[in-house]
Each structure stands twice: as structure tokens, then as C-alpha cells.
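Subject: Structure handover

Hi,

Here is the structure I said I would pass on. Could you have a look when you get a moment?

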Amino acid sequence: MKFNHKKTMKRYILPYFQLLAVAVLLLSSCAGHPDVPSSSREAKSLPAIFPDYCDVTIPCNIAPLNFMLPIDQYEACVARLTTPDGRQQTYGQGVKVQIPESEWHDMLDASKGKSIKVEVWGQKEGEWLAFNPFEIHVAEAPIDEYLSYRLIEPSYVAWTYMEIAQRNITTFEESQIFNNEITMNNRKIGQCINCHSYQNYKTDNMLFHVRLSNAGTVIVNDGKVSRVNMKRDYTISGGVYPSWHPTAKLVAFSTNKTRQAFHTAHPNKIEVYDLASDMILYDVGTDSVSVVSEDPDLLEVYPTWSPDGRWLYYCKSVPLPEEMRDKDIRTTYAKIQYNLYRRSFDLATHGFGEEELVYDAASADKSVTLPRISPDGRYLLFALGQYGCFHSRHHDADIVCIPMDRYDGTALTWETSSPLDLTAVNSKDYSDSYPSWSSNGHWIMLASRRDDDNYSRVYFAYFDNGKVGKAFLLPQEDPELHVSLLKSYNRPEFMVEPVKISVDEFSKVFDK
């Protein structure tokens, strides 16, 4: 079941008069573990639950997969969960199914490598309907316990408050890493914070950017916090889109002159594009910046290291046709496309080799962004769209995964790369972007606008030796939060541990 249209989400928003009706129903029902309806009519279909957790494969340590039936169609919901050893429990309050964490984790422990059977009943106009049962498959592989993201309004214009938050994926605990109000000299001027990044999924070495007043890059080096200005007289800007080297105190960045434009009629709504971009390498220990690549005519962006640190992958634009090269980018943006390259890296000398074309997206009239190599080095993830370097707003953007053993030094194309079947991961008509790997390589994470086309939300999918499971939404304690929180989850990043530095400690670097 997919929820690919903004009208779908309205079915889950609770009007005031219906809230009163549900409250009365709750008072008259048995809270926590309700009885299964004594009589019901077969619906002969899967339940239209939100989020859609029907027949998904999940980690053995994830938080409860709470869900709900459409509020404008149902008065109540009851779910019965059965573990492989035969233990059963029922849940349901109003139209929501919310499972206590301790009970859920007991069920996960009993179901590793097997499945939890889920039966759902929904009451509609006084009649109970029995839906077809489904299974939740529990993988033996855990997921990284923590996740961080920036919470921001979807317009990218009229924001005042934003934060970088972290979430314990095994529970519902969320805490703040930093917020933009701390750095604002004038409370009427919005301050931007972005691009949080970690070395090897750990937080003793990490960074995030601060824009406008008190600008700079906040860097944590072995747990010590500082703020640095990465702009040099020979660079376009300070560092953007960071990637930590897996073993050394080095960070690859692009430097960008980024702009955005707003469509009045186009369904993609917003365009983000570069007027210029190069790549740099920042040495955290010496506070030095060296240029990796600075092609004066082409654009280079989104560096990412291979897990062994021997290769730096990045995206680079292809030349525009001669007749378009001097035109305003607002008329040529839809013709700018990026291919995927890499350069070898010598850790001893900090030197880079000649660039190699890894994936030729432009040959198929496509553009590749946001590459990520799997922890075992065997697979390459990226986002693929028609054009441009910012697919978060492009309806045609999908996630692509190709086996790296297909690359023998000759540039891969769509036909020669043998891409994996990610039909269960990508939405049909909406943006799927910002892919990444869990530290054990068994979970893919992405940001998708599939639910309503306005807000990016976090989805996960199981990955096992080239086989990919159905994508599912980040669980919330109250499933209605997905539609009531008017924020996008921007740049979701896996972490194996939480950020230990407090908001107050981070704020001290702005007093210097």
C-alpha cells in the first residue's frame, strides 16, 4: 500500500468533532489490550494503515511500528500480534495502534530471523471489518541505534527556527544537537545551520555549518569543540557537503556558489543549482585547505570517501552545448547533468590521482548525485534524476544501487551497470533522495517526499547481499506525528552513538 498523494494524508488528520467522538470511545473501551471483535465481516484486503508496515522487513532492535487507520473512515481499530512461538497480544485505542516499548522488544527478540503475524480489525459505521493478515519480518541484523537530521520548513524561505536533532531509533527518544537561535545576533534574521557529518558513524569527530551571522564550521576533534573559517582567498566559499576520511583527520568538501529559484507552475516547485563549485580537502589538525579539483568550466560536488579511504568519489557536470554556455543558468539549469567520478588518494602525501569516470549518467540523459559506497565496498548507492545536483525536489528522482564489481576501469552506464531492483524502495511519482548505508551495510536510509510531496521523511529498507526489502517509514510513538509535524527531515545521517556535547557547550564557541 502506498501513500503517494497529498490528499491521502488528509485522511489521517483528525478534525475536532471526530476527536471528541474518539475520546468518548476511548473512555468506554478497555485501554491498552482490547478484545478482538466477537463478530466481523471479511474485508478481503489489507488494511489501509499509516504508516504502511504491511510485509516489511525490519531491524531486530527498532522502536515499535505504531500505526493508525484513516480517521475519516474508521471509529476504532484493534490489532493482534502473534510471535513465532505463539504468544499473542492485542492493541488499539481509537484508530491508533501504539505498542509499549518493552512488550515490542520482547516480541522482536522472539522473532529474530522469523516474522510477527499482524491481524487488524477496523470499525466502520458501527460494523467491524476483518482485514487480511500481514507479516512483519524481523531481520537478525540490527540497525545503528541513532539517527540525526535537520528539522526545517519545506519552503526554504520563510523559516525562523531550525534545529539539528538526534533520535534513538530503538526508542522514541529525541534530543537536540543544536539550534539556530543561539547564533543569531538579530532575532529577526534567520540563521542557517546545516551539513552535520560524522567520521565512521561516531561523534567524537564531527562537524556542522553555521551560515550568516557568526558564520563558520563547528568542528569536534576528539571531543573538543572549535569554530573555524574554511574560506581562503583561493576558494569559492567555505566548505560545503562534507565527507570525513574514514581513518584520518581529513574532510573533503565542495566549495559552492549556490542559488535557488522558485517555480510558479512547475511541479518541482524549487530549483537549487550551482553557479560555480570546486572540491577541497581540509586538514583538521593543521587548519589547512588544499584544492582537490577546480575545473573553471565545470561543476564538482558531493565528495564521498570509499570505506578504505583510498578513493574519493564525486559528481561532476558535463559540458553544456556550445550555444548554451554563455546563457543565464535560469534558462539552462534543466540541461545541466552530472556524472560520477573518482580519484585515488595517497594518505601519506595527501595526493590525488587522475580522475576516473565511474558512471556515465548523461549518456542516458540523466544526472547522478549523492554517491555512497557500502561499508564492505561492494555496492554503490546514488540518487538519479533528469538533471541538476539537488534532487530533493525533483519528482523523477530515484535511488539507484549498482554492484561495484561491474566497474573494471571502463565507465559504467545504465545498461552495463546491472542496477539492482529497487522497486520496493522508490516511490512512483515523488522525490527519493539522500541515500546512505548503515554501518553494517544491512540497511539503506533515504529521504522521501512520497507521503504528501511537501515534506521529506525518513525511510529505511533492508539490504542483504543485493536483495532489497520494502521501504518503511521511521516509527513514531504517535503515528499521527508524521502528518502533524510541519517539518522536513533534512540530511538524515546514521550514527552508532549520540552526540555527547550539549547545546550549551556548542554555543560557547560563538562567544570567542
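Predicted model: local features only at pLDDT ≥ 70, side-chain atom pairs only at ≥ 80, totals over all residues.

**The cores**

The largest nonpolar core has 67 residues. Within that core, Ile58, Leu81, Trp104 and Phe460 have the most contacts. The biggest contributor is strand E31 (residues 457–464), which puts in six residues. Another core, of 35 residues, lies apart from it, and Leu299, Trp311, Leu340 and Ala361 are among its members.

Leaving out residues up to four places away in sequence, Ile58 touches Leu65, Trp104, Leu108, Ile136, His137, Val138, Ala139, Trp443 and Phe472.

**Helix H3**

Two of those neighbours, Trp104 and Leu108, take us to H3 (residues 101–111), where the buried residues are Trp104, Met107, Leu108 and Ser111. Looking down the axis of H3, you'll see these buried residues fall within an arc of 100 degrees, so they line one face of the helix. What sits over them? The cover for the buried residues of H3 includes strands E2 (57–58), E4 (76–82), E5 (88–91), E7 (115–124) and E9 (134–138). On the face turned away from the buried side, H3 carries the exposed residues Ser102 and Asp109. Just after the helix, Gly113 has a positive phi of about 75 degrees.

**An open sheet**

Next, have a look at the four strands that form an open sheet in the order E12-E11-E10-E34, with antiparallel pairing. Strand E12 (174–179) and strand E34 (488–495) are the edges, each pairing on one side only. From one strand to the next, the twist averages 25 degrees. Inside the sheet, E10 (residues 146–152) and E11 (residues 163–168) are joined by six bridges in the antiparallel sense, and Arg150 stands opposite Ile164 in E11.

**A buried loop serine**

Last one: is Ser438 buried or exposed? Ser438 lies in the loop between strand E29 (432–437) and strand E30 (443–448), and its relative accessible area is 0%. The cut-off for buried is under 20%, so Ser438 counts as buried. Setting aside residues up to four places away in sequence, Ser438 touches Asp144, Tyr201, Pro375, Trp443 and Phe494.

Cheers

Terms used
Residues numbered from 1 in each chain as written. Heavy atoms only, no water. Helix = DSSP H or I, 4+ residues; strand = E, 2+ residues; numbered from the N terminus. Buried < 20%, exposed > 50% of the residue type's maximum accessible area, 1.4 Å probe, protein only. Contact = heavy atoms within 4.5 Å. Pairing = 2+ DSSP bridges. Axes fitted to C-alpha atoms, helices over the stretch in contact; angles between N-to-C directions. Core = buried A, V, L, I, M, F, W, Y, C linked by side-chain atoms within 4.5 Å. Arc of directions from axis to C-beta.
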